[in-house]
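Biologist: Could you walk me through this model? I am still learning how to read one.

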Amino acid sequence: MRHHLILRVITKLLAGAIMLFAFYVQFHGDYSPGGGFQAGVILAVAFVLYGLVFGLPAVQAVLPPWVVHKMMALGVLVYAGTGVISLFTGYAFLDYTALNPAHPEHGQELGILWVEGGVGITVTGVMVAIYYAFAGRPPRISDEEW
Amino acid sequence: MSVQDTQQAAMTLADHLPLLQVLVPFMAAPLIVVIGARRLAWGIAFAASLASAGIALAILLQVLDSGMISYHIGGWVPPLGIEYRIDAANAIVLLLIASVSTVVLPFAARSVAAEIARKHQTLFYAMWLLCLAGLLGMVATGDAFNVFVFLEVSSLSTYVLVSMGARRDKRALTAAYDYLIMGTIGATFFVIGIGFLYAATGTLNMADMAAIIRENGADRTIQTAFAFIVVGMGLKVAVYPLHLWLPNAYTYAPSVVSAFLGGTATKAAIYVLMRFMFTVFRPEFLFEVRALDLIMVPLALVAMFAGSIIAIFQRDMKRMLAYSSIAQIGYILLGIGFLTETGLSAAVIHLFNHGITKAALFMGAGALIFRSGSSFYRSLEGLGRTMPFTGFAIVIAGLSLIGVPGTAGFISKWLLVQAAIEKGWWPIALAVVASSLLAVIYVWRVVEVLYMKEPKSAGTRDEAPVSMLVPLWIAAAATVYFGFATELTLGAAQSAADSLMSGFSPVHAGGG
């Protein structure tokens, strides 16, 4: 890839912009189409693009596989943990009113935000993990080696 | 906001039990992955499973005492919101699933260390808990689509669990792949069925669906939905011609996984099948389309005989147990096929009794594998003499599999014969007895291998470790205990049959 100067420069420029857009989709999901799923995929795309151009070792130096594995589980914990908070304050599981009983709407907005955060973390993790799994496969045996 | 409960504020811990039942293992699974310590994984898994079992028992007692429990996720009132709806029928299945997992997990500690690669052990326990949470969820929920979601949670983790047998035998990979293909087809059929139901009724809540179908009658769409759901779930249940994934999956999976799945996975699917048949579609509808006496009963009879006869000719203990499972599933389906309350309670109680019996037998096989390295009869020869405690537990559980009086298996077969006689189906009552005689043959073959052959290492005691013997004996003792103390199981089964037959209406017979 050393000689693909344009590809390398554009990738470096784009990676940051893609991540920024992912966060925009994540946090603007309350007002416009989007949310954790879409944002997670977009964020993962930044890493996949980086990996495609600079190779698997380079992207795994930025985001090691063990971190990806923890992310997948962490997001689920964030999601379920949000629901558990409502259990402790005497509401049903995932009843976001519990987060701000005085203003149920505020509580619900906060709840959705946290839950979508959890979704985003897990989806990013899963997408990157799938890419790592495919890209990390040993190459097929070539005809000469038979 | 009007559909959200307002009066439900200040719920206590007891109100949350139906949810915590599923949530505890579901959250413990990612916790294991985040912590990522191999030594802690087993402890977390066991604690979560134990908590689930305790909750399941509390729920069963509460349900038997005061009737159905309904839990609204997020405080959204059903039919709009997702509801967990637990009556006697699912409470007893929940107890079976959670307690089999809890009893088998101590066994897993040594067995997993021996059979599964080191780097996979942490994830193994996470997968176990996900599978447990999925099975509990699909039984606890009262929302048709939620059933599908939990079905997929449990199925996907099951495929992984089965494939982890690859270290002992590479064929586990193809077995898991076969299961994945068949299971996915089953799940797809099931979700197509739900789609048709949703199109016909406009709701996903099972109780609401039942009410609408009852009011408007069944049209062609609903009949199609019924066909898809029965075939889809039939694949997961391993109804006779749809059973092809089961023998390989159970044979090549790690021993603990066979013990866990043999006792729970098909049972949860059978529960879902019963719930859809009786609660959503109603017995009158089943009578009308004649699905039971023309399809279910003949297939159940074929399963009883074919499964048993194939089991007789096996040379591998785990494979024999797998085919015997297919035969035993036949008994359960036969009980459902009678379409009477006695038949249904026979089905529910056999589901429970066979669950613990099979868990005990697969654990026995696992203990033998731990010492001999293989479950082929040839390598098990004489092990009953060198491993007396393991051997004897296998014999006891084997007696329960046959249905010898004084064991749990007898109670359920007795009830099944009784249901057949009640209906005047004498030939079928005889068929149940005849196929039990076949069970005598395949259990005898194991006894013969274990006790009548000369052990390879003559005279030396080489018993399985205590951490394996204790769970094995708890399960074996349970088969005897439930053969005598039948109040809990029989009462719950009758109450379950009652609530299944009468739909979701809160009718409850406290003591059966």
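**A walk through the model**

Modeller: Let us begin with helix α14 of chain B, where 28 of the 32 residues are buried, so that the helix is largely enclosed by the rest of the structure. Please keep in mind that this is a predicted model.

Biologist: How far does α14(B) reach from its first C-alpha to its last?

Modeller: Helix α14 of chain B, which covers residues 341-372, reaches 46 Å from its first C-alpha to its last, and this is close to the 46 Å expected at 1.5 Å a residue.

Biologist: And what comes just after α14(B)?

Modeller: Just after that helix comes B:Gly373, which takes a positive phi of about 85°.

Biologist: Which residues other than glycine have a positive phi?

Modeller: Among them is B:Leu339, whose phi is near 60°, and this residue lies in the loop between α13 (317-337) and α14 of chain B. Another is B:Ala238, with a positive phi of about 70°, and its place is the loop between α8 (220-237) and α9 (245-252) of chain B.

Biologist: Are B:Leu339 and B:Ala238 buried or exposed?

Modeller: B:Leu339 has 21 other C-beta atoms within 10 Å, so it is buried, given that 20 or more is the cut-off for that word. B:Ala238 has 28 other C-beta atoms within 10 Å and is therefore buried too.

Biologist: Now helix packing, please. At what angle do α3 and α10 of chain B pack?

Modeller: Helix α3 (residues 88-115) and helix α10 (residues 255-280) of chain B pack at an angle of about 160°, and their axes are 7 Å apart. An angle over 145 degrees counts as roughly antiparallel, and therefore α3(B) and α10(B) are described as roughly antiparallel to each other.

Biologist: Is the crossing left-handed or right-handed, and what kinds of residues make the contact?

Modeller: α3(B) passes α10(B) in a left-handed crossing, and the residues of this contact divide into 14 nonpolar, 6 polar and 3 charged.

Biologist: What about α17 and α20 of chain B, how do their axes cross?

Modeller: The axes of helix α17 (residues 388-402) and helix α20 (residues 466-484) of chain B come within 9 Å and cross at roughly 30°. That makes α17(B) roughly parallel to α20(B), because angles under 35 degrees are counted that way. The crossing of α17(B) past α20(B) is left-handed.

Biologist: Which residues make that contact?

Modeller: From α17(B) the contact takes in B:Phe389, B:Thr390, B:Ala393, B:Ile396, B:Ala397 and B:Ser400, while α20(B) gives B:Leu469, B:Leu472, B:Trp473, B:Ala476, B:Thr479, B:Val480 and B:Gly483. If you sort the residues of this contact by type, you find 9 nonpolar, 4 polar and no charged.

Biologist: Could we look at one residue in detail, say B:Ala172, and where is it found?

Modeller: B:Ala172 is in helix α6 (residues 171-201) of chain B, and it counts as buried, with 23 C-beta neighbours inside 10 Å.

Biologist: What is B:Ala172 in contact with, once we leave aside its neighbours within four places in sequence?

Modeller: Apart from those neighbours, B:Ala172 is in contact with B:Val162, B:Ser163, B:Gly165, B:Ala166, B:Tyr252 and B:Ala253.

Biologist: Last topic, the two chains. How many residues of each are in contact?

Modeller: On the side of chain A there are 16 residues in contact with 18 residues of chain B. Helix α4 (residues 65-88) of chain A gives the most to the side of chain A that touches chain B, with 8 residues. The residues of that side of chain A divide into 11 nonpolar, 3 polar and 2 charged.

Note on methods
Residues are numbered from 1 along each chain as its sequence is written. Chains are lettered from A and ligands numbered from 1 in the order in which they are written. This is a predicted model: local features need pLDDT of at least 70, side-chain atom pairs count only at pLDDT 80 or more; totals for chains, interfaces and linings use all residues. Two residues are in contact if their C-beta atoms, placed from the backbone, lie within 7 Å. Helices (H or I, at least four residues) and strands (E, at least two) are DSSP runs, numbered from the N terminus. Ala, Val, Leu, Ile, Met, Phe, Trp, Tyr, Cys and Pro count as nonpolar, Asp, Glu, Lys and Arg as charged, and the others, Gly among them, as polar. Axes are lines fitted to C-alpha atoms, for helices over the stretch in contact, and angles run from 0 to 180 degrees between N-to-C directions. Angles under 35 degrees count as roughly parallel, over 145 as roughly antiparallel, 65 to 115 as roughly perpendicular and the rest as oblique. A crossing is left-handed if the near helix is turned anticlockwise from the far one by less than a right angle, and right-handed if clockwise. The expected span of a helix is 1.5 Å times one less than its number of residues. A residue is buried if 20 or more other C-beta atoms lie within 10 Å of its own, exposed if 12 or fewer, and partly exposed in between; C-beta atoms are placed from the backbone.
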